[in-house]
Each structure stands twice: as structure tokens, then as C-alpha cells.
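User: Could you take me through the labels used for this model, setting each value against its definition?

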Amino acid sequence: PQHGPSLLLLTQISLDREEWKKGEALFSRLSPASAKTPEAIKLKARLTFAGEKGNLDTIRQRVVDNPDDLEAKLRYGQSLVALENYAEGMDQFLDILKKNSTFQDSAARHAMINTFELLGPKHPLVTSYRSKMSAVLFS
């Protein structure tokens with residue numbers, strides 16, 4: 001029950017089956033050391049976005065109806081990332097950062113960082129969007 005590699009594999013299987021709650025429960029049983037492995041970091045990022053997949057059309061419409069609804073933009077970005085539309089999702093997060101970088105305790109910045117972790121440090125989108133995020137936050 002405490003074997004890290006087995007818990008990671010079972011978490012992965014749960015996410016692949018769209019059993020988010022089960023995946024979260026399995027992940028929460030990892031030891032602190034197992035939760036810091038690269039595989040665990042990616043799974044944690046996937047867990048962060050996983051529950052948003054089914055809401056895309058509803059959330060998109062909220063954003064279209066009110067482009068200043070930062071909560072809708074955040075959820076829309078999370079849905080896009082969950083569906084592997086990473087650039088579009090991160091564009092939503094950047095727009096939030098431009099409008100209000102501290103919205104919901106910097107939720108957009110945290111979402112960007114989670115997306116970077118999901119993609120891994122060598123992914124070309126990470127390099128590009130890390131620069132964009134820095135430009136927004138430090139300009």
C-alpha cells in the first residue's frame with residue numbers, strides 16, 4: 001500500500017480512466033520522497049487539471065459572453081490544458097496575469113507553473129511561455 005512506483009502507476013491508470021477522485025486518493029498516499037520524483041510532479045500537474053475536461057463548452061461560452069470573467073478564463077485555461085491544448089490554455093493564464101496577477105492568490109501563475117511541470121523543462125512551449133510570463137510579471 002505504500003510502494004511509491006505502484007502508487008504512481010495506479011494514479012496514472014486512474015487518470016487514464018478519468019477516475020479523478022481515485023487518482024487523487026492514490027497520489028495522496030505517496031511518501032514525501034516519492035512525491036518529488038519527476039514522474040510524480042507530472043502526475044500532480046495532471047491531477048490539477050484533470051477534473052476540468054468536461055466543462056469546455058460551458059466555460060468557453062462564459063468567456064465569450066464576458067471576457068473579463070477571470071474565474072471563467074482560469075477554468076477555461078485549465079480545461080484546455082487538460083485536453084492537451086497547452087498553448088491555448090497558457091494564453092488564457094497569461095491574459096489573467098495581464099489583467100490581475102494576484103487574482104485568487106496568483107492562480108494563473110500557479111496554473112502556468114503546473115503546466116510547465118506537466119510538459120517538462122525541455123518542452124519548447126515551456127521556454128516560450130516562461131519568457132512570456134516573466135515579461136508580464138516583471139514589466
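This is a predicted model: local features need pLDDT of at least 70, side-chain atom pairs count only at pLDDT 80 or more; totals for chains, interfaces and linings use all residues.

User: What makes up the secondary structure of the protein?

Analyst: Helices and strands are DSSP runs numbered from the N terminus, a helix being H or I over at least four residues and a strand being E over at least two. On that basis the protein has eight helices and zero strands, and along the sequence the pattern reads α-α-α-α-α-α-α-α.

User: Why is Glu18 called partly exposed, and where does Glu18 lie?

Analyst: A residue is buried under 20% relative accessible area, exposed over 50% and partly exposed in between, using a 1.4 Å probe and protein chains only. Glu18 has 48% relative accessibility and therefore counts as partly exposed. Glu18 sits in the loop between helix H1 (4–16) and helix H2 (20–28), and its phi is near 60 degrees, a positive value in a residue other than glycine.

User: Why is Ser106 called buried?

Analyst: The relative accessibility of Ser106 is 15%, so Ser106 counts as buried. Ser106 belongs to the loop between helix H6 (86–99) and helix H7 (107–119), and its phi, near 65 degrees, is positive although the residue is not glycine.

User: How do you know that H5 is mostly covered?

Analyst: Of the 13 residues of H5, 11 are buried, among them Leu70, Leu74, Tyr76 and Val81. These buried residues pack against helix H3 (38–50), helix H4 (56–65), H6 and H7, where contact means heavy atoms within 4.5 Å. Across the whole protein, buried residues make up 40% of the 139 residues.

User: How does the reach of H5 compare with the expected span?

Analyst: The expected span of a helix is 1.5 Å times one less than its number of residues. H5, with 13 residues, reaches 18 Å from its first C-alpha to its last, close to the 18 Å expected.

User: Why is Leu83 called partly exposed, and where is its place?

Analyst: Leu83 has 35% relative accessibility and for that reason counts as partly exposed. Its place is in the loop between helix H5 (70–82) and H6. Leu83 and Ala72 are 11 residues apart in sequence and 16 Å apart in space, C-alpha to C-alpha.

User: Why does Ala87 count as partly exposed, and which residues does Ala87 touch?

Analyst: Ala87, which lies in helix H6, counts as partly exposed because its relative accessibility is 26%. Leaving aside residues up to four places away in sequence, Ala87 touches Leu125 and Tyr129. Between Ala87 and Thr115 the C-alpha to C-alpha separation is 9.7 Å, while in sequence they are 28 residues apart.

How values were computed:
Residues are numbered from 1 along each chain as its sequence is written. Side-chain values use heavy atoms; hydrogens and water are left out.
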